[in-house]
Amino acid sequence: MQEWRLINNKAYDGAMNMAIDEAIMISYKKGKSKPTLRFYTWNPHCLTIGYFQNLEKEVDLDKCKRLGIDCVRRATGGRAVLHQNELTYSIIVGEDNELMDKSINTSYKFISEGIAKGLELANIKVDELSKGERITREKLSAACFNAHASYEITINSKKIVGSAQHRNDGVILQHGSIVLDFNIDDLYEVIKTKNEEVKERAKRFTLSKASGIENEIGKKIDINSLEKSIVCGMKDVFKVDFVEGELSQYELDLANKLYEKYSSYEYNNKR
């Protein structure tokens, strides 16, 4: 049975969260770390944009500053995600790991099955995983949660977990937001729209497609209990042992160097 490292939830700012994910990827590639499941939260709240998004075109940076919201570019693709009341996970593992399929879609489904099992263990009923919907130009906006990609986790047909995957030099990084309380108002305060009418229409559309666990089940979720349930769910699906650990000194030093990149305007505005 494989042994994976488990790094329990800690809060960092946006640049450091992205720097740590990349540091673990590099450490794994160099043979310095095991496959890793990490949980984290965001302090302050943060808007992450996909690797290929245009920052100034799609994000109101002045609003972000006024609301005290960080903004950082992810290594993964996809659209903008506002990280507030949520539990974020990341998985770093080799493409050659026997658990991981060469197909991004199949590996994405496998990881979603682990998360869904964890939610089930937490007595949170989710919809059956499906191939999602065809994402047309009309459905595509700066917001990630306004359309369902393949095998994303939903409740009442509304996305409550949004994930993205990146592969580099044989290493897989998948990270995603397990949303507890979905805040549509703050999201569309910091995402640019043409006018108020377009904003309100976009908000209504997104609310028909996205939500948070607490919004859908009508009760508060303890984030620590949720984390434990998801670890148990992944252990059941993956058939691996998770051993609690911390970042190595090598990873910490590397993350501190990478922090300069992720906190720089030049990197975040490079598209």
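## Helix α8

Helices here are DSSP runs of H or I with at least four residues, strands are E runs of at least two, and both are numbered from the N terminus.

The model is predicted: local features need pLDDT of at least 70, side-chain atom pairs count only at pLDDT 80 or more, and totals for chains, interfaces and linings use all residues. Residues are numbered from 1 along each chain as its sequence is written, and side-chain values use heavy atoms, with hydrogens and water left out.

Leu226, Glu227, Ser229, Ile230, Val231, Gly233, Met234 and Phe238 are buried in α8 (under 20% relative accessible area, 1.4 Å probe, protein chains only). An α-helix has 3.6 residues a turn, so residues three or four places apart point the same way.

The buried residues of α8 pack against strands β1 (2-12), β2 (36-42), β6 (85-94), β10 (171-181) and β11 (240-244), and against helix α4 (104-121). Just after α8, Lys239 has a positive phi of about 60 degrees.

## The whole chain

The protein chain has 10 helices and 11 strands. Its C-alpha atoms fill a box of roughly 55 × 40 × 35 Å along the principal axes. Of its 271 residues, 52% are buried. Contacts (heavy atoms within 4.5 Å) with a separation of 6 or more are 77% between residues 24 or more positions apart.

Methods
Buried means under 20% relative accessible area, exposed over 50%, partly exposed in between (1.4 Å probe, protein chains only).
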